[in-house]
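I opened the notebook to look up folds, sheets and helix packing. My entries follow.

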Amino acid sequence: MASVSVCQYHSGGFSFENCKRNALLEADINKLGFSSPAARKTGTTICGVVYKDGVVLGADTRATEGMVVADKNCSKIHYISPNIYCCGAGTAADTEMTTQIISSNLELHSLSTGRLPRVTTANRMLKQMLFRYQGYIGAALVLGGVDCNGPHLYSIYPHGSTDKLPYVTMGSGSLAAMAVFEDRYRPNMEEEEAKRLVRDAIAAGIFNDLGSGSNIDLCVITKGNVDYLRPHDMANKKGVREDKVYGRPVTGSYRYKHGTTGVLTKAVTPLNLEVVEESVQTMDTS
Amino acid sequence: MHFTVVFSGLSGVCDRLRQARVRTPAAGSFSNVVKLKMAAVLQFPASVSTFNNYNDLYPDWTQTEVSTGTSIMAVEFEGGVVIGADSRTTTGAYIANRVTDKLTPIHERIFCCRSGSAADTQAIADAVTYQLGFHSIELDEAPLVQTAASLFRDMCYRYREELMAGIIVAGWDPRRGGQVYTVPVGGMMTRQPVSVGGSGSSYIYGYVDSNYRAGMSKEECLKFTAEALTLAMERDGSSGGVVRLAVISEQGVERQVILGNQLPKFSTV
């Protein structure tokens, strides 16, 4: 291959210049006592299923930053076009921005063609963008919608490969959700059965995967209509502190009446303390 | 000239449908850019990570690239070719797709069998499909299988450092009949009467070499391919699922699927 000078400025393309610097930083940062900032990931269980009249997309609502839940109710089902929606797993920022970019481009494309956009168009745009960035954009997507050729469902991986299937799951909880799908999926289900199946698959992810949790969001896309059900199922409602126990009001302040604990003996011993040293230290309030 | 146009899609410079001029700087800069990336990886292998390092919360298969583990095969016969593939795509130890179609149409009577990185082979196949379609319209006749194989070879060789793709191109054209060309990792291209590829191919070289005869009929080729792929799927962990077969001839393309329970049975102790 032609040998080119390292300092040559190249237009376009992903710049890998900073990879070396990042590698150095990552190696040294722990020695200096700092920890590198954790990208917020949507740990996630997302899935989709094709049924008789369209597609049902489902997602949990937990976003994690390392081991801490950053957002208990984030929205992982993103709008692409009136008839196409996309669930995103992986780095939250990447899924958010990628879907917004493609949504914008697809709207321009749709205005140019004068037609409702097709799911396969969105799929191609997404896969070509993700391949261009060679997996550095951490977006694993479930793309679903209904167009002139019927309902379609795609899974898109961060490196840019896609699969067109009747049912797909992605994210850290995908194994749990796939287990539910493999057990109960049938072709040409009715809407209620499909919604129940997706709800159960996401629930499997929520309760068996640490990276997924909180509520279940659903998106039912049919020809000419979209039901965005957020939340569809609040599977993890935060408990309410009791304010009435056996009809008697309890403030929940764990104060007990005098006499709750019986006193057996009482002995009072005065402590004679003398002041040994007294000093005043003024507080620095500047 | 239009080759460079399409490569720029791969090099990430611009939308491949926009340009009509040569973009040589782009192609050069891509390899330059990638040399930096490779330098970064080579010098700091232990500490370079992709976007995350969370061990237990995000298991291995969420971070490994999707690969078509694969067993693929193609056989020439008088009047056409028979191609076959398994249907398993893996991310690490998880099967991401158990019904993959690795036999991808490039043109009406030209197919390719994909093995290696799923993203790379899908991107290459899309690019070559575009180029071959354009070329065929320019020519106003059916393209040669050798042309398709050359396009694959050009792309796989030019970007050999960045790609992981082993491809078998097979089809029928009016000039030379049924042909099989293999383009393995690295970008070599050679015509062979029978070719196997993918991780599962290692296990069936002996079977293929001993059982292939020149001048087999279409049915014999189908049986030969199905049995060879079954044996490969049996032994290779990254291959499995169903066997997809296709016959390409002057009459067109006939596709078939052999499901798991219908695969030929071999006695193994």
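I started with chain B. Among its contacts (heavy atoms within 4.5 Å) with a separation of 6 or more, 62% join residues 24 or more positions apart. Chain B has six helices and 13 strands. I noted that helices (H or I, at least four residues) and strands (E, at least two) are DSSP runs, numbered from the N terminus. Of the 269 residues of chain B, 54% count as buried. Buried means under 20% relative accessible area, exposed over 50%, and partly exposed in between, with a 1.4 Å probe and protein chains only.

A note on the source: this is a predicted model, where local features need pLDDT of at least 70 and side-chain atom pairs count only at pLDDT 80 or more, while totals for chains, interfaces and linings use all residues. Residues are numbered from 1 along each chain as its sequence is written, chains are lettered from A and ligands numbered from 1 in the order in which they are written, and side-chain values use heavy atoms, with hydrogens and water left out.

Next I looked up a sheet in chain A. It is open, has five strands in the order 11-2-3-12-13, and pairs antiparallel. Two strands pair if DSSP finds at least two bridges between them. Which strands stand at the edges? Strand 11 and strand 13 (225–233) do, each with a single partner strand, so one side of each lacks a neighbour in the sheet.

I followed strand 11 of chain A (residues 167–170). Four bridges join it to strand 2 (residues 46–50), antiparallel. Ile46(A) has Met170(A) as its bridge partner there. In a regular strand the side chains alternate between the two faces of the sheet. I found Tyr167(A) and Thr169(A) pointing one way, Val168(A) and Met170(A) the other, and all buried.

Further along, strand 3 (residues 54–59) and strand 12 (residues 216–222) of chain A pair antiparallel over six bridges. Gly54(A) stands opposite Thr222(A) in strand 12 of chain A.

Last, I checked two helices of chain A. Helix 2 (residues 92–113) and helix 3 (residues 119–132) pack at about 135°, with their axes 10 Å apart. Axes are lines fitted to C-alpha atoms, for helices over the stretch in contact, and angles run from 0 to 180 degrees between N-to-C directions. That makes helix 2 of chain A oblique to helix 3 of chain A. Angles under 35 degrees count as roughly parallel, over 145 as roughly antiparallel, 65 to 115 as roughly perpendicular and the rest as oblique.
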